[in-house]
Each structure stands twice: as C-alpha cells, then as structure tokens.
Amino acid sequence: MPALEVIDPGLQTTVQDYPGRRGLQALGFFPAGPADHLAFRVANVLVGNRPGAAALEIPLGRFQATILYSGLLAICGAPGVEITVNGRPVPAWESIPVSTGDLLHCGIARGPGFRLYLALSGGIAVPEVFGSRSTFLVGGIGGLDGRALAKADVLDAAADGVGRTARRRVPRSLRPAYTDAWEIEVLRGPHADPDYLTVADYDELLSTAWRVDLNSDRAATRLNPHRFRWAREGGDDAGGHPSNLLDGSYPVGGILAYGDVLTILGPDSHTSGGFAVVATIAHASLWKVGQLRPGRDTVRLREIDLAEAEALAAHTEFILDPRHLEHV
C-alpha cells in the first residue's frame, strides 16, 4: 500500500536493505546495502521490522515527504538534525506514530555524521533483484528503478505495518557516538608489511590522521594522498608502482592503495582489481565509514585482531535486541 510520497528527495536518497546482495561478487556485484548498517538496522527494530528490512538512506539529511498511511516511522543516524512532523519537532532514535496526510521534514545534517536512515513499519515494498531490494547505483538495479529517489516518487509499505502503535526508543547510553575525528578499527592486510609496505609505512598508516576527501561517495571513501616508502621497487609483472599486483578479489571495507591514495571500498564499489589492500575495516566498524563527512572529517586507524573484531561485533549487536530498548 502507498506509504510515502517524496516532496524533496535530498542529495541522493536511496532504498537499501541489509545485508544487501551477498554472494554475487564473482559476478561483479558488491552487496550495496546501507553505508551505516548500525543506524539502519536500529531504525527498523524501532518500528517493529526485521533489522534488514528495506528502508531509506538519506545522505546529508535533507528530505521531505507526505505520509500516506497510518503506522510508525523512525529516523536514526547523524545527530542534531531537525526532524518535524507537521511542523512539530520529533526525536530521532525513537519510533514516531504517523497518519495519512502528515508532512515529514528532515533538515540538513550540520553537526557530526553524514547519513540518516528512515524506516517505516512494514518495510518499503520494492521488488527484489538478485535476492535484495538494495539500490546498486553503479549497476542501475534494485531499489526504485535502480536510481536515487526523485520528487513525486511514491513508495509502498507492506500492509502488516499498518496501525502499529507500540513505541520504543534507544536509551542515550546505547546510542553510537558521532564525531568529526574518528577512530576506526581495522585488521591488517591482506597486503601489508613486510611484503608490500615497510614496517615504518605500516606504523604511519596507523599513526596518521587521514583527511576524508571531498570526492567520496557510496563507492569509495578517499583519503588524502600520502607517499609511502614501500618494501619493493615496483609491481613486477602487475605494473610499475609498488601498489600494483595481479588482479584479485576486493573485500568490502578494504583499504586500497591506488598508488599514493588510500581508498576505503564502500558498498557500491568494484569487486576486484590490481591494487594492494593494506588493511580492512572490521565489519562492526563499517558503520563509522558510512558517517564520515566528505571534505571535513579525519580518521585514525586502530589495528585489532580477529578476537577483538568478534567482541566488537557482539557489542554492536547488543543495541539491536528489542529487550534493550525503552518503551515510550
């Protein structure tokens, strides 16, 4: 049933689901899905959906729509954004009852963070493509016709979301912290020292405050150029630069060295190529990459091991348990 009509789609609002289009990397498809999987899933839990149900990703926060049904909505993500329903302020990280004809407005994210996530009770009903409703902008598939939303688009929701009134909110103590100077957990390699980077290079990788380049998007978060010394003179048969190697598969969240430019692979990135992956973002920390503000934020990388990555993942999942939410 119709649930929402777009008045102002903002910068590049898309329909996503989680975990996206997994298992198709050999066919050239990265999974797509939300850049910040944590705020996305929490928003769904707040309105009674399964955590991975289709919802909206709103970069920079500007969005306006007319509600076309009675149910719940929740908005999570970058803090400090003015959110109103019919001109009255409503809180983020909390489920809000809405009715047909209500006007939803989200202001611009001016503080820390970059993306908002809007979930509707019942989930957004768009067709599945290769097992996912996520928009893959590079391939032009999924979501609503494979594209970002436009003015006058109408989105449907599943009928089982109608009339839900049980309201919940995330306690402030459980809400993720946002900043403009991030620390993000990584695992070493697979192409780190001593075969590709020198030991001193890898120390610099972890000690440098990397600036997020303005030309960053869902495909790639680019960091400021940096000249490493490298442990070898060139790429042998793969090319002249030490970062070159024979084509291999890339992981989501991999930190590629495109020559002297480090790039974090996002959910819409390419699946393989011929550059060294010097580190990989821990899955539980990928949400932080989704909240990096292009042209403003800085990042420091902190190495962890597999055991720490598993513990971090368990901590991240804690907030998704409805038993830890407050009733409103």
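Tutor: Contact here means heavy atoms within 4.5 Å. The model is a predicted one, in which local features need pLDDT of at least 70 and side-chain atom pairs count only at pLDDT 80 or more, while totals for chains, interfaces and linings use all residues. Residues are numbered from 1 along each chain as its sequence is written, and side-chain values use heavy atoms, with hydrogens and water left out.

Student: Which residues is isoleucine 255 in contact with, leaving aside its neighbours within four places in sequence?

Tutor: Isoleucine 255 is in contact with Val186, Leu262, Thr263, Ile264, Ala276, Val277, Val278, Ala279, Ile281 and Leu301.

Student: What makes a set of residues a nonpolar core, and which members of the largest one touch the most other members?

Tutor: A nonpolar core is a set of buried Ala, Val, Leu, Ile, Met, Phe, Trp, Tyr and Cys residues joined through side-chain atoms within 4.5 Å, where buried means under 20% relative accessible area, exposed over 50% and partly exposed in between, with a 1.4 Å probe and protein chains only. In the largest core, of 50 residues, Val42, Leu205, Ile255 and Leu262 touch the most other members. The largest share of this core, seven residues, comes from helix 1 (residues 37–46), helices being DSSP runs of H or I with at least four residues and strands runs of E with at least two, numbered from the N terminus. Apart from this core lies another, of 32 residues, which includes Ala54, Leu56, Val90 and Cys106.

Student: Why is cysteine 76 called buried?

Tutor: Cysteine 76 has 0% relative accessibility, and therefore counts as buried; cysteine 106, at 1%, counts as buried too.

Student: What stands opposite cysteine 76 in strand 10, and what makes two strands a pair?

Tutor: Tyrosine 117 stands opposite cysteine 76, and two strands pair if DSSP finds at least two bridges between them. Strand 5 (residues 71–77) and strand 10 are joined by five bridges and run antiparallel, while four bridges join strand 3 (residues 55–59) to strand 10, again antiparallel.

Student: Which way do the residues of strand 10 point?

Tutor: Arg115, Tyr117 and Ala119 point one way, Leu116, Leu118 and Leu120 the other way, and all are buried.
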